[in-house]
Amino acid sequence: MQIPIEYYLILSAIMFSTGVAGVLIRRNAIVVFMSVELMLNSANLTLVTFSSYLGNSIGQIFVFFVMAVAAAEAAVGLAIIIALFRNKLTVNIDEINIFKW
Amino acid sequence: MENSLLLTYLLLIPVAGSLILLFIKAGNEKLIKYFGLFVSTIVFLLSIYIYFNFDSDNSSFQFVHQFKWIETLNIHYKVGIDGMSMLLVVLTTFLTPLTLISSWSSVKKKVKEFTFFMLFLEVGMLGVFVSLDLFLFYIFWEAMLIPMYFIIGIWGGERRIYAAVKFFIYTMAGSLLMLVAIIWLAIHASNYLGVFTTDLEQLYEVAPLFDQSTQNYLFLAFGISFAIKVPLFPFHTWLPDAHVEAPTAGSVILAGVLLKMGTYGFLRYNLPLFPAASTHFASFISILAIIGIIYGALVAMVQTDMKKLVAYSSVAHLGFVILGIFALTPESVQGAIIQMINHGLSTGALFLLVGFIYERTHTREISYYGGIARIVPVYSFFLMVVSLSSVGLPGLNGFVGEFLILLGSFKSGVLNSWWYAGFAATGVILAAVYLLWMYKRVVFGKIVNPKIEDLTDLNKREVFVLVPIIIFIVWIGVYPSTFLNVSEKTTGKIIQQVQNPPKAELK
Amino acid sequence: MNGAFGSKIKNEKVIGIIGSGAIGLSFLVVVFAFFETLSLPAEQRTHIVDLFTWLKVGGLNVSIAYQVDQLSLVMALIVTGVGFVIHVYSIGYMHGDKAFWRFFAYLNLFIFAMMNLILADNFVLMFLGWEGVGLCSYLLIGFWYDKDFEKSTISAAGLKAFIVNRIGDVGFLLGMFLIYLVFNSLNFAEVFSRATTFHISEHIFTLIAIFLFIGATGKSAQIPLYVWLPDAMAGPTPVSALIHAATMVTAGVYMVARTSIIFASAPTAMMIVAVIGVFTAFFAATIGMVQNDIKKVLAYSTISQLGYMFLAMGAGAFSAGIFHVMTHAFFKALLFLGAGSVIHSMHEQQDIRHYGGLKKYMPITYGTFLVAAIAISGVPPLSGFFSKDEILWYSYTNIGFVFWLIGVITAVMTAFYMFRLQFLTFHGKSRFDEKKTHPHESPKVMTIPLIILAILAAIGGFIGIPALFSGEHGNLFHSWLEPVFKSAELKLSYFGSHSHFEEYLFMIISIIGAVAGILAAGYIYLRQPQVADRLSTRFKSIYRLLLNKYYVDEAYDATVVNPLVNTSKSFLWKIFDSKIIDGFINGVASWIGNLSSLIRKIQTGVVQSYALVMMIGILIALFWIIMSL
């Protein structure tokens with residue numbers, strides 16, 4: 001018996017909201033990145049679900065795109081955090097407000 | 001239509017000159033100064049050539065040069081000249097070289113940039129006076145704000161940044177309103193013409209057909225921008241600051257030419273395009289003008305800074321011009337045009353004189369002076385002639401303008417009352433009061449300040465700058481017909497356009 | 001005729017000759033023109049010379065054109081003749097002054113302007129001359145610009161003259177505008193002919209006349225614009241003689257005479273002119289009686305005599321008024337020049353209380369001054385008698401007894417103060433230290449002009465002998481000027497013929513009055529000087545009132561000048577302009593600034609707040625999409 005589609009979608013939504021909450025609430029920049037990865041993966045899950053349930057493979061191919069972009073973004077993002085850390089000696093994003101008016 | 005390139009040359013030469021100037025190395029001050037003078041003199045000679053080839057009996061625009069510029073919007077590059085703008089163009093090209101010469105001693109740093117800005121400014125001013133396309137006009141109008149801002153802001157006095165910013169934003173706020181109005185006007189006119197256009201001559205045919213309330217709004221939108229420039233009371237407060245803080249050369253050009261752009265705008269745009277609105281607002285604006293005359297004079301009277309005094313006197317003088325414009329009789333409009341030229345000459349000369357003495361003592365406070373007549377007689381003589389011209393003594397230029405304006409306003413059918421001229425005439429008394437009182441305090445009387453003894457009289461260069469202006473002051477005073485004839489047909493045409501506008505055909 | 005008014009500015013020392021020579025030459029030209037015109041029959045005596053078109057705009061067509069007719073010839077003769085004499089005198093008076101050349105340049109410029117005024121054939125050119133003489137008067141009064149004068153400076157006096165004149169000029173301008181509006185021209189010939197042919201209501205004429213008259217009061221120092229004249233005494237004495245006795249101040253009288261047709265068409269205005277004239281005459285004479293500065297006495301005397309001239313104008317006796325202009329030019333210039341002679345030799349001392357007994361030091365000055373004093377008092381057969389008497393007679397016949405009466409009383413006062421001056425200055429004991437100041441007679445270059453003027457003052461009256469005496473010749477002066485005033489006099493129809501007996505009677509009364517005045521002055525100041533002191537203490541308040549010129553200057557200052565200046569300074573500038581208008585602008589600017597400071601708080605620089613805002617935006621967008629499905 002197939003698992004109903006709603007379960008996957010709800011799981012995806014929960015993952016996504018967790019990710020959003022993490023981005024908005026956590027102070028540590030690395031944790032924020034982890035939450036962003038979480039959001040991306042929830043999007044991946046949704047794509048795979050629909051691809052499987054609709055029988056269309058486009059969704060799965062798109063997942064590859066997303067994963068590639070996520071990897072690239074993680075690499076660049078972590079590099080920025082390291083550069084920031086070298087300057088400010090902190091990864092607490094509350095304290096990184098150079099762009100404040 | 002004739003496609004004469006002369007006017008475009010008139011505009012291009014200073015542009016070319018200023019660009020070439022940028023390539024001269026900054027250290028070469030003498031070359032820069034002479035080159036700037038050379039360029040502006042060429043422009044002046046060209047304008048004189050155009051003047052002599054100008055046909056005074058023809059009331060339409062001459063030397064027109066037109067080509068398509070922005071195809072999709074049907075915006076043309078169109079320049080042309082008629083009687084009134086002819087006089088103003090010559091005034092501009094006449095004052096610019098004189099101003100440059102006078103600045104040789106007062107502008108010491110960044111001479112290259114200064115000359116560049118002056119030439120740039122000249123292009124802007126000339127463009128405003130010759131453009132016959134609304135869009136082009138707007139571009140030039142805005143274009144001359146930029147160099148003026150820099151001139152005041154870099155080479156000015158103590159509060160120069162404040163004054164420059166105030167000048168810039170104040171004027172720009174008005175012009176933005178004008179931009180909206182231009183676009184609106186063009187769109188609305190396209191309903192009549194079938195095609196969107198900003199060509200002035202075509203709009204002349206169409207705009208008077210608009211209904212009264214449309215005309216009123218458009219008139220106000222254009223008018224506020226011009227009123228700020230004139231300056232008309234109560235939009236005048238940028239003027240004292242801008243004048244006082246600007247360097248001498250800047251003040252001369254500001255007073256001599258830039259202020260005329262506002263009155264020119266009224267005559268060229270507001271009156272012929274919106275005749276119904278013009279007659280509607282005539283009395284209101286005349287009242288503002290008269291308040292400006294009297295108020296400007298009274299405030300000028302109590303100033304302690306010479307330059308501020310002359311600045312407020314500009315408010316008073318241009319009040320006369322506005323009164324003349326809106327009285328809408330041939331005498332008063334001719335008087336207004338001539339007074340524009342007169343004011344450029346007299347007030348320009350006044351600023352030059354104040355500047356000369358400021359260079360020597362670095363103060364403009366009247367109380368610092370007193371009794372300088374014996375020490376600098378040549379200066380006192382020039383100051384007296386120019387003050388009298390400003391006061392409106394018959395025989396000098398000021399009288400011709402003021403008399404014609406007052407006479408015209410008195411018999412004006414649009415204003416329909418003697419009180420306007422009556423009140424304005426009291427401005428004549430007040431002008432004598434503040435100018436001659438200043439003259440007395442500065443030139444006559446006992447010497448109260450021992451440092452005055454060190455004053456040196458005008459040197460040859462300064463006299464050279466003043467003499468041509470004085471010649472014109474006397475010439476216009478004694479034989480104004482030379483100039484009145486040039487603008488006569490234009491005046492007639494403008495009045496005609498206001499009083500007999502094209503009427504809508506009844507369908 | 002056109003060569004009569006060149007003026008050049010020079011700076012050599014031979015200037016005196018050039019300056020006076022120019023005027024002398026002009027005088028000769030005028031005399032020549034006079035004789036030439038004399039040979040023409042009366043109707044053809046107007047000759048117009050058009051130089052070039054000055055202002056041609058709309059319906060206005062004004063040329064620089066000059067008109068020579070009887071009236072302008074008379075005035076021109078006076079101006080150039082007396083002017084020439086004064087120029088010569090000035091060579092002596094201004095001797096040693098380092099700005100010698102400037103003085104003569106200004107004087108010549110003045111004559112130029114005055115000639116323009118007199119010879120103009122239209123209102124605008126006349127106005128040019130009008131303002132021109134105002135300018136020269138400003139320059140000449142303030143000539144010694146770095147000296148003090150009473151409570152302020154000399155240049156302040158010059159400024160006052162110009163400003164007060166300007167106030168009058170506004171009246172002139174308004175009159176001109178009204179004339180243009182009504183008659184569509186500013187040319188004398190056109191306006192005057194239209195004045196008789198057009199149908200214009202009397203109100204308009206009255207209005208025009210009143211405006212023009214305001215201008216005249218400014219220039220000719222009548223109430224209420226006379227206050228500049230006494231202060232104008234700050235200038236060098238030849239200036240006072242030329243400008244404020246003989247020529248400039250008579251410009252107003254000339255203007256009224258020239259526009260006589262307009263005034264004649266407005267009886268109300270004529271009455272106003274007469275009332276102000278006679279009142280000013282009386283008023284000024286009362287002040288003149290107690291002044292202690294020799295020039296001030298003469299200044300108030302001038303104002304008073306000008307009042308007589310306007311009285312004549314208001315009474316319709318235009319040629320009588322001009323006649324008085326001429327005789328007044330003679331004796332007043334003489335008085336001033338004589339005063340100058342005295343001041344010069346007394347080393348700039350002008351207070352008559354420090355004079356006395358000068359007749360033995362300065363016999364020529366004494367003699368000529370006496371002649372002038374007799375002339376101005378109206379004692380026959382000197383010129384002043386004829387002109388003043390004619391005015392008094394016409395004011396009786398044309399207006400009323402009261403005017404005549406006030407005129408006669410003023411004449412008595414005139415005689416009184418004139419001889420007070422004469423006696424205090426020249427007779428009696430010397431009230432100064434004779435060893436310190438050595439008064440001496442003036443050099444010939446100054447005394448000869450005095451003598452010339454004295455002769456003119458003595459015999460000049462015979463031109464205008466009333467018909468009473470000369471029988472069939474009639475009044476020569478009157479008939480010379482008649483064509484000019486003909487149309488005016490036609491409009492004024494005066495009824496009632498008066499008998500010769502009445503004329504004789506009034507004449508005799510005025511002579512008696514004059515002699516009485518002289519004797520009273522002689523009694524008080526020669527015999528019993530303590531009477532003067534007693535009178536002044538008995539009537540102390542009146543005395544002080546008169547001495548301080550009725551505090552008019554102070555009143556003007558308090559009501560007009562100071563409020564204007566203070567209001568402008570404190571209110572208009574500091575509050576209104578700076579705070580309200582400018583404040584509004586700056587307020588807008590700061591308002592925008594505040595708004596921006598508020599808005600820029602959004603830029604926190606913290607990434608998470610940006611993310612939050614993004615999230616909220618997405619949610620809103622989602623909701624919107626879902627809702628619209």
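**Chain B and its partner**

Mentor: Let's begin where chain B meets chain C: three residue pairs are in polar contact there, both residues at pLDDT 80 or more. A polar contact is a pair of N or O atoms within 3.5 Å; within protein, one must be able to donate a hydrogen and the other to accept it, and residues adjacent in sequence count only if both atoms are side-chain atoms.

Trainee: Which element gives the largest share of the side of chain B that touches chain C?
Mentor: H17(B), with 12 residues. Helices are DSSP runs of H or I, at least four residues, and strands are runs of E, at least two, numbered from the N terminus.

Trainee: And by class, what has that side got?
Mentor: It has 39 nonpolar, 11 polar and seven charged residues. Ala, Val, Leu, Ile, Met, Phe, Trp, Tyr, Cys and Pro count as nonpolar, Asp, Glu, Lys and Arg as charged, and the others, Gly among them, as polar.

Trainee: Before I go on, what should I know about the model?
Mentor: This is a predicted model, where local features need pLDDT of at least 70 and side-chain atom pairs count only at pLDDT 80 or more, while totals for chains, interfaces and linings use all residues. Residues are numbered from 1 along each chain as its sequence is written, chains are lettered from A and ligands numbered from 1 in the order in which they are written, and side-chain values use heavy atoms, with hydrogens and water left out.

Trainee: Where is Tyr162(B) placed, and what does it touch?
Mentor: Tyr162(B) is in helix H7 of chain B, residues 160-193. Leaving out residues up to four places away in sequence, Tyr162(B) touches Asp241(B), Asp582(C) and Asn586(C). Contact means heavy atoms within 4.5 Å.

Trainee: Why is helix H5 of chain B largely enclosed?
Mentor: Because eight of its 10 residues, 134-143, are buried. Among them are Phe137(B), Trp141(B) and Glu142(B). At the start of H5(B), a side-chain oxygen of Asp133(B) comes within 3.0 Å of the backbone nitrogen of Phe135(B).

Trainee: And chain B overall: how many helices and strands?
Mentor: Chain B has 19 helices and two strands. Of its 507 residues, 69% count as buried.

Conventions:
Buried < 20%, exposed > 50% of the residue type's maximum accessible area, 1.4 Å probe, protein only.
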